[in-house]
Amino acid sequence: MAKLTPFTMPKWGIEMAEGTIADWMVAENAPFERGAVLTLVETDKITNEIEADKDGRFVRILAEAGQTYPVGALLAVLSDGGEASAAEIDAVIAAFRPSESGFGPDGDDASGPAPAAPAVEPEKPAAPPVPEGLAISPAALAEAQRLGVDLATVTGTGRGRRIFAQDVHQAARPEAKPQLVGVFAATPDSPVLSTPVARRLGALHGLDLATIKGSGARGKVRRDDVLAIVQQAAPTPAPASAAPAPVAAAPAPRPASGNVDVMPMSSMRRTIARRLTEAKQQIPHFYVRRRVRADRLLALRASLGPDKPSVNDFIVKACALALMEIPAVNVQVHGNDIHRFGSADVAVAVATDKGLVTPIVFGADDLSVAAIGAVMKGLAQRARSGKLKPEEFTGGSFSLSNLGGFGVEQFDAIINPPQGAILAVGTARPEPIDDDGAIRIVPVLHLSLSCDHRAIDGADGGRFMAALANLIEQPHLL
């Protein structure tokens with residue numbers, strides 16, 4: 001009798017709620033070996049490969065490529081290689097409950113323990129007794145007992161380090177966690193304009209993207225362009241003798257589009273849209289704006305030679321020191337709780353092909369400007385190639401968005417929850433200033449601080465901007 005196992009949408013990071021099946025890399029009923037790439041899953045930040053942790057085959061694939069599914073959703077049914085009847089597969093599907101994954105839609109586990117599917121989960125030893133005073137949800141306790149997890153080794157992610165089922169799962173399956181192996185030659189420097197998924201699929205199938213006509217904006221090669229070439233090259237399957245499959249319902253007709261290029265939102269773009277809409281609707285924003293002379297900072301930077309840090313690196317350092325001086329701005333907001341941080345973990349907005357990513361410079365207050373520049377260079381490269389690790393863009397106590405490189409003079413940014421504030425920086429342009437009674441024309445930066453008024457008062461925002469201006473105008477302090 002075959003051992004059947006549900007294959008579910010994994011969870012990378014606390015904030016991940018859904019993922020998109022970019023492509024299935026093995027067909028239904030095709031055997032695979034341990035280490036084979038089973039599928040590509042696109043999240044709002046990265047595209048990851050899910051590898052097989054043992055030999056087997058998919059006896060039924062339920063999820064469609066290109067579709068998005070919540071964390072914990074049943075994607076397919078795995079077999080250890082043995083034969084299974086349709087009734088046995090149907091039984092596994094019928095017995096599956098999303099709560100088996102331990103990841104509810106809100107990251108909680110209030111649904112309680114789910115019934116175990118027959119002949120699916122291997123036997124696990126009983127968990128040791130629960131330590132006295134340990135904060136743990138009932139579902140997490142049930143999962144720990146089912147999986148034989150030592151709770152002393154589990155770190156809770158809930159309030160007051162309360163342990164949820166997802167924490168138990170991550171502790172129980174360290175080898176089963178997908179590995180961000182990046183086995184295919186990334187081509188971030190390729191002259192061909194293409195999406196990360198297209199580059200990855202092109203490398204998988206040995207295709208030269210330069211020979212593919214892209215259907216995206218400015219000829220960008222997209223996932224569907226590569227898959228069309230792959231499907232053309234694939235042998236045509238023999239016609240099935242069985243009765244024809246039921247015809248799927250035709251999609252709703254689209255209105256005449258003329259020259260409009262209609263493209264569905266990527267998973268990342270949908271997440272950005274959802275998060276920023278929630279932020280703008282639910283967070284009471286207020287803005288503190290200030291002009292800051294930047295001539296001394298630009299002169300200091302110019303004196304550092306060809307390998308000098310960027311202006312943004314100086315501003316990251318200035319923000320970090322200002323946050324240490326005004327800790328009321330260095331916060332996250334979680335419901336009715338305000339989390340104040342002892343270090344400045346500054347998230348910096350980086351534009352990528354898929355959208356905006358905010359990798360974090362952790363402990364920026366303890367780093368030199370040159371060190372911040374080196375850290376940011378690596379983070380930006382990995383962000384643009386889709387290789388950031390979840391822990392590199394999760395968290396942060398403050399955000400910085402700089403559009404000065406695009407000639408933007410000033411703008412206001414939307415707060416990146418759960419952070420309490422974000423600084424928007426424009427380009428330095430010549431403007432007159434009062435310099436000890438003399439009128440001088442010097443480069444001036446326009447800064448705008450967006451604050452969450454639930455946690456930060458106007459006076460705190462004003463003090464932060466004063467501290468920041470003092471540091472930028474006296475760059476020898478950085």
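1. Basis. The model is predicted; local features require pLDDT of at least 70, side-chain atom pairs count only at pLDDT 80 or more, and totals for chains, interfaces and linings use all residues. Residues are numbered from 1 along each chain as its sequence is written, and side-chain values use heavy atoms, with hydrogens and water left out.

2. Helix pair. Helices α2 (residues 138–147) and α3 (residues 165–172) have axes 8 Å apart and pack at an angle of about 20 degrees. Helices (H or I, at least four residues) and strands (E, at least two) are DSSP runs numbered from the N terminus. Axes are lines fitted to C-alpha atoms over the stretch in contact, and angles run from 0 to 180 degrees between N-to-C directions. The two helices are therefore roughly parallel (angles under 35 degrees).

3. Helix contact. From α2, residues A139, A140, E143, A144, R146 and L147 meet A165, V168, H169 and A172 of α3 (heavy atoms within 4.5 Å).

4. Cis peptide. The bond from P417 to P418 is cis, its omega being near 5 degrees. P418 lies in the loop between β15 (398–402) and β16 (421–425). Most peptide bonds are trans.

5. Positive phi. Most residues other than glycine have a negative phi. N29, in the loop between β2 (18–24) and β3 (37–42), has phi near 70 degrees. D436, in the loop between β17 (429–435) and β18 (438–452), has phi near 55 degrees.

6. Accessibility. N29 is partly exposed at 41% relative accessibility, whereas D436 is exposed at 79% (buried is under 20% relative accessible area, exposed over 50%, partly exposed in between; 1.4 Å probe, protein chains only).

Conventions:
Angles under 35 degrees count as roughly parallel, over 145 as roughly antiparallel, 65 to 115 as roughly perpendicular and the rest as oblique.
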